[in-house]
Amino acid sequence: MIPEESFASAENRMQSASLALEELLVTAQKQHCLTVGIYESAKLLNADPDSVVLCVLAADDEEDVALQIHFTLLQSFCCDSGINILRVSGVQRLWQLLGGVDANRNQEESGDLHCMLVTNLQVDHCRLQEVGTYCQESRLLDQWVPELVLQER
């Protein structure tokens, strides 16, 4: 039987990593170091995979077969390239954080938050390091693609 403290510790780690991810994504967007959208992400990974430091795959609906195929291909490429990957649920929270920031973009352009790539950040590496540590610890626990749940606020 797993001690109760382990569950609390795991929950705290996930909550801390979720907050770090939220801050990281907002900072990356402000620094123009965030690529949003499956197609745009695939183009960047093809052109300059060395600039990518994190891949975030977001979906609340596991039933979308086409999206899962895209995710599988992106995950494979990222694993082969040594890029940290996170799967998150809570697309509505991502929309709250990132979707409404640029009022000049239309809904279609800013609506595909299913895949996001963080490229080399200029500042705030502590949050990237925290998310990277969470990914590494998860892989040590045989969770090859770590998962986080982003909570609406």
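Helices (H or I, at least four residues) and strands (E, at least two) are DSSP runs, numbered from the N terminus. The model is predicted, so local features need pLDDT of at least 70 and side-chain atom pairs pLDDT 80 or more, while totals for chains, interfaces and linings use all residues. Residues are numbered from 1 along each chain as its sequence is written, and side-chain values use heavy atoms, without hydrogens and water.

**Exercise 1.** Work out how many helices and strands the protein has, and their pattern.

*Solution.* Start by counting: there are six helices and five strands. Then read along the sequence, and you get α-β-α-β-α-β-α-α-β-α-β.

**Exercise 2.** Locate aspartate 61 and decide: buried or exposed, or partly exposed?

*Solution.* First, find the loop between strand 2 (52-58) and helix 3 (65-81); aspartate 61 is there. Next, recall the cut-offs: buried is under 20% relative accessible area, exposed over 50%, partly exposed in between (1.4 Å probe, protein chains only). Aspartate 61 has 42%, so it's partly exposed.

**Exercise 3.** Find what share of the protein's residues is buried.

*Solution.* Take the 153 residues of the protein and apply the buried cut-off: 42% of them pass.
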